[in-house]
Number of protein chains: 2
Amino acid sequence: MEDKLKQLKSILGEVIDLRYVSLLLGWDQQTYMPPGGAEDRGYRMATVDQIAHVKFTSNEVGKLLDELEPWAAQLDPDSDEARLIKVTRREYDKLTKVPPEMVAELSQIATAAFSAWQKAKAESNFAKFRPHLEKVVDWKRRYVALFAPFDHAYDVLLDDFEPGMKTAEVKAIFDVLRPQQMALIKAISERPQVDDSFLHQPFDERKQWDFGIEVAAKLGYDWNRGRQDKSAHPFTTAFGLDDVRITTRFLPDFFSSAFFSTTHESGHALYDQGLGRSLARTPLADGASYAIHESQSRMWENLVGRSHPFWEGFYPRLKEYFPAQLGNVSLEAFYKGINLVQPSLVRVESDEATYNLHIMLRLEIEISLIEGSLQVKDLPEVWKARMQEYLGLIPPDDAQGVLQDVHWSTGSIGYFSTYALGNLISAQLWERANADIPDLSDQIRRGEFSGLLGWLREKIHRHGKKFKPQELVQRVTGSKIDPEPYLRYLRTKYSEIYGL
Amino acid sequence: MEDKLKQLKSILGEVIDLRYVSLLLGWDQQTYMPPGGAEDRGYRMATVDQIAHVKFTSNEVGKLLDELEPWAAQLDPDSDEARLIKVTRREYDKLTKVPPEMVAELSQIATAAFSAWQKAKAESNFAKFRPHLEKVVDWKRRYVALFAPFDHAYDVLLDDFEPGMKTAEVKAIFDVLRPQQMALIKAISERPQVDDSFLHQPFDERKQWDFGIEVAAKLGYDWNRGRQDKSAHPFTTAFGLDDVRITTRFLPDFFSSAFFSTTHESGHALYDQGLGRSLARTPLADGASYAIHESQSRMWENLVGRSHPFWEGFYPRLKEYFPAQLGNVSLEAFYKGINLVQPSLVRVESDEATYNLHIMLRLEIEISLIEGSLQVKDLPEVWKARMQEYLGLIPPDDAQGVLQDVHWSTGSIGYFSTYALGNLISAQLWERANADIPDLSDQIRRGEFSGLLGWLREKIHRHGKKFKPQELVQRVTGSKIDPEPYLRYLRTKYSEIYGL
């Protein structure tokens, strides 16, 4: 059987190589590729993706799995080998259910939809995007049908991002969250507002860059196995355990944008750099799920990077970089400024207190689209109505409304809720980490992050994709994904900042 | 048959995609990859290369070629289709002759040899490299044996770089060249020497960069379909017709290095950007040979970039960039300075008059190694003796002698002569271009390069790999590769500069 396992790992190793290569093509496209290269890049990526797909879904892999499963059943169920067979089987069964023509069809739909979305957003013209989104939704409904029976049609899509997660679970979590976050925002809005004008001044890009790099290194980002570049939208991408890259973008007149993007992406990168080395070149060398990944980025960005102890340590250093801008701004004023709560039309600009509401709105729309109870043509109106209800704002146009996010145009439906789940998980892990490391706040105050990073490495990172997200959260915290720790975190933090 | 052709082109398209992807992996490795990523990068490249190899050498391709050849025989023999079948057949027959295990073996030998060479060169210790080079030579001799019978064993290696070229042809050319270049160098050495000390001053890197980019754009490099980055050794790489990138390196205290590297690599890039669009994603979308490619880089670097008319146009502009360094240097002094002749130990630092002698030395050594008349262990001594004979210099150590070039460590034997052949072809094309464009010098003086570029596009670039190098040179100039135009060029240029 060791021979069969070796054979399987050899095929999977090539598949993983090709997936990393595809990611490099994407990274290059968003960082350094000259504009003229765009069309050809599509061919290259399609070729690589298709070869990886064919290799992974081959009968050979199916046969090896059949042969290995009885053997794996006798191993420790948490061993790398047993989990490798289990996770590979899961992915194999999913991917082989979809006819190759349908995969190619989505790729074509998405290419056209992405380009239409770019134009539609630039012109704030939903009509230009509508027929493309209709095709995406239609494809997704046909895709869902391949996996019948199911508890809920949307489960199939959610599962692509959160293995094993059910729509009913997410809805139940959001039902607890929604009224309490809305009440919190309302309470905040009735208090004297925070001033963050000092964050909106010219900040030299080079200095912003250097400070971000310096902090990320302190957090534990191994720059020998990583790098930072600029791109239109910040992202993290890994080409293996030893080459994990982040990108950021700079606003010349606003400090928070690049810095918190660097800490956010560093959180993703720390996860990818910490995956178990024994899992390399297998499907287990990946994050457990999108939400677990997001829990890492949000933890370093917010629970660490927007915390009072963090800035007790770093604010003097930041003032050395920007004496003119921050020399007269106290630590307290700075801390409040970076934690300003202000309902916003745009998800990616929103703060910790309002962010999840943006997600709930999207989840409800996606579920209705897949159920068929909402038509694409009615999206702009539904969006506006829901925004007014949740955040008290009405987008003046669709560019700042239903057209703001790229996800649907790339064929991603089922993705959004992972952002909110990531927030919740980050707070659950945070409570547990603080229980396990009683002086964690002091460590952070002193600029020491190896305690927290070591804890995350041990509890989360090294396991890679061995466990499903709910399973992993349960193992680490003793309960499933739970909104209460995040609500406690928000209430404590903002009560203090806004004097609630 | 159109269906069969479509099938063949579809497979070849994927092979070409993968080859471009492999080149991107290489480009990234030499520009932005973090150091930690090196080991994994080897896996990624091996996987991509191997899949491309298996796909190209499949029975399916062989069968399609068998079926298509009778049909192609009835087409215009110069048509894209006829040439595609011919060139693909040639490559297919070569690649299928080599057992996959042997391909993998060379890859392993070369990986170890490259790393040993880096250490050996750093320590100037040939003994460290010797066993690896012996393995390379042994492999190459076994490789050659697969292609028996042949006129000369070395033909097989030469053919990998210069399709159809024979060792006897190259030897005959070099036999004409050697005594005349040696005589020229001797004559120059007896004249008052040129002063180039003003080139050895601090030159701001940003300004060097900007001037190089500006000039390359004037030459016709389409930056919308290209870019420049920094790397340890300058190179050009294409990921398709619309994404052709160059790299350069900067010496802070020497002007010539980065500038002539940028014009050299721009010459390669202009070729790759000018390949016929109808040839895209086929094996014809490539240079005709290494020597033809080098003829383009050397033409733009030397026949254009080191010419008097070129600097009549650009020298005032260069002085605007560097008034402190060049304000008091006349055009004549500058022109002589950048054309200084000075025998050097190191090939990549050598001038137009001495360069080819470095190549001849290497060719003779390679031929003797493959014939078996020279043993690897005797290389350092042979190198020193030949250097003294040709250039009057004895390397003080092996780092500046036999260990200076990377080529052998990567398994490339047969490559070197393409550099000298490229020089010769550049002068042949130059004579023809001047005959076809009588006012070419005036155009260059005015900074107009579209006449020359258009001529090269028409005569060379658009044909891609359709013709073998000798065939292409014959078609354009009316004769095969011929050393006389280059000798005439050298004599005319240096007679004037050195008053011979």
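These notes cover the strands of chains A and B in a predicted model.

1. Residues are numbered from 1 along each chain as its sequence is written, and chains are lettered from A in the order in which they are written. Local features need pLDDT of at least 70 in this predicted model, and side-chain values use heavy atoms, without hydrogens and water.

2. In chain A, an open sheet of 3 strands runs in the order E1-E3-E2, with mixed pairing. Strands here are DSSP runs of type E with at least two residues, numbered from the N terminus; two of them pair if DSSP finds at least two bridges between them. E1 (226–230) and E2 (236–238) of chain A are at the edges with a single partner strand each, so one side of each has no neighbour in the sheet. The twist from one strand to the next averages 20 degrees.

3. E1(A) pairs with E3 (residues 244–248) of chain A in the parallel sense, over 5 bridges. Within this chain, A:Arg227 stands opposite A:Arg245 in E3(A).

4. In chain B, E1 (residues 226–230) pairs with E3(B) in the parallel sense over 5 bridges, and B:Thr247 is the bridge partner of B:Asp229. E2 (residues 236–238) of chain B pairs with E3(B) in the antiparallel sense over 3 bridges; here B:Arg245 is the bridge partner of B:Thr237. E2(B) and E3(B) form a hairpin with 5 residues between them, and B:Gly240 in the turn has a positive phi of about 135 degrees.

5. Strand E3 (residues 244–248) of chain B is largely enclosed by the rest of the structure, because 5 of its 5 residues are buried (under 20% relative accessible area, 1.4 Å probe, protein chains only). B:Val244, B:Ile246 and B:Thr248 point one way from E3(B), and B:Arg245 and B:Thr247 the other way.

Key
This is a predicted model: local features need pLDDT of at least 70, side-chain atom pairs count only at pLDDT 80 or more; totals for chains, interfaces and linings use all residues. Buried means under 20% relative accessible area, exposed over 50%, partly exposed in between (1.4 Å probe, protein chains only). Helices (H or I, at least four residues) and strands (E, at least two) are DSSP runs, numbered from the N terminus. Axes are lines fitted to C-alpha atoms, for helices over the stretch in contact, and angles run from 0 to 180 degrees between N-to-C directions.
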